[in-house]
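Please look through the following structure and its sequence. The briefing after it is grouped by topic.

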Amino acid sequence: MEAKRVRVTGKLGRYISILLTVFLVIEELFKGIDLITGKPSLVAIFYECGFSTEGIMVLGIVTVLNTVIILFPAAFVWGCFLMASRFVVISGFYLLEHHVKAAVAEGILLLLVLLLLRLGHPFSLYYRNKKNLR
């Protein structure tokens, strides 16, 4: 027997997926640009953990590339997993330095990524195929 995939179907699921995708892409794009440029309030925690300036820039470049990957339906799952792993790593660094509020904020973003992964890409063929929307 084949397991049945349960999804939030119809327009509501698509709109929620669109909103989450836009929110996460914009938020992560700005965070990546801030990491690349070296915004002091954001990179201070990484300096405390022993990161070099080049390491922080690489993390920023990976963040920006990750936001681009999520926009393509074919690479959506990989982008979500990369973003989720980055959230786990950054929240771990926050917890090492006893910044619990920042770690909780990263955990909330991790849950949003997992929800987005569950909903699927908003412009995938799943939503275009009218037979699956019953």
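**An exposed loop residue**

His98 is exposed, because its relative accessible area is 68% and the cut-off for exposed is over 50%. The model described here is predicted.

- His98 sits in the loop that runs between H4 and H5.
- The phi of His98 is positive, about 65 degrees, although His98 is not a glycine.
- Most residues other than glycine have a negative phi.

**Overall make-up**

- Read from the N terminus, the elements follow the order α-α-α-α-α-α.
- The protein has 134 residues, and 32% of them count as buried.
- Among contacts with a separation of 6 or more, 70% are between residues 24 or more positions apart.

**Helices H4 and H5**

- H4 and H5 pack with their axes 9 Å apart, at an angle of about 165 degrees.
- H4 is therefore roughly antiparallel to H5, because angles over 145 degrees count as roughly antiparallel.
- On the H4 side, the residues that make the contact include Phe76, Cys80, Met83, Phe87 and Tyr94.
- On the H5 side, they include Val100, Glu106, Leu109, Val113 and Leu116.
- The crossing of H4 and H5 is left-handed.

**Nonpolar cores**

- In soluble globular proteins, nonpolar side chains tend to be buried together.
- The largest nonpolar core has 13 residues, and the members that touch the most others in it are Val113 and Leu116.
- At least two residues of this core come from each of helix H1 (10-37), H4 and helix H5 (100-119).
- H4 gives the largest share of this core, five residues.
- Leaving out residues up to four places away in sequence, Leu116 touches Ser17, Leu20, Thr21, Leu24, Phe76 and Cys80.
- Another core, of 11 residues, lies apart from the largest one, and Leu42, Phe46, Phe93 and Tyr94 are among its members.

**Aromatic pairs**

- A pair of aromatic rings is described by the distance of the centres and the angle of the planes.
- The count of aromatic pairs comes to three.
- One of them is Phe46 with Phe93, where the centres are 6.4 Å apart and the planes stand at 75 degrees. This pair is edge-to-face, because planes over 60 degrees apart count as such.
- Phe46 in helix H2 (residues 40-48) and Phe93 in helix H4 (residues 76-96) are 47 residues apart, and the pair links distant parts of the chain.
- Both Phe46 and Phe93 are buried.
- Phe51 and Phe93 also form an edge-to-face pair, at 5.1 Å centre to centre and 85 degrees between the planes.
- That pair too links distant parts of the chain, since Phe51 lies in the loop between H2 and helix H3 (53-70) and Phe93 lies in helix H4, 42 residues apart.
- Phe51 has 26% relative accessibility and so counts as partly exposed.
- Phe46, Phe51 and Phe93 form one aromatic cluster.

**A buried glutamate**

- Glu28 belongs to helix H1.
- Is Glu28 buried or exposed? Glu28 is buried, because its relative accessible area is 1% and buried means under 20%.

Note on methods
Residues are numbered from 1 along each chain as its sequence is written. This is a predicted model: local features need pLDDT of at least 70, side-chain atom pairs count only at pLDDT 80 or more; totals for chains, interfaces and linings use all residues. Side-chain values use heavy atoms; hydrogens and water are left out. Rings of Phe, Tyr and Trp (its six-membered ring) pair if their centres lie within 6.5 Å; planes under 30 degrees apart count as stacked, over 60 as edge-to-face and the rest as tilted. Helices (H or I, at least four residues) and strands (E, at least two) are DSSP runs, numbered from the N terminus. Buried means under 20% relative accessible area, exposed over 50%, partly exposed in between (1.4 Å probe, protein chains only). A nonpolar core is a set of buried Ala, Val, Leu, Ile, Met, Phe, Trp, Tyr and Cys residues joined through side-chain atoms within 4.5 Å. Contact means heavy atoms within 4.5 Å. Axes are lines fitted to C-alpha atoms, for helices over the stretch in contact, and angles run from 0 to 180 degrees between N-to-C directions. Angles under 35 degrees count as roughly parallel, over 145 as roughly antiparallel, 65 to 115 as roughly perpendicular and the rest as oblique. A crossing is left-handed if the near helix is turned anticlockwise from the far one by less than a right angle, and right-handed if clockwise.
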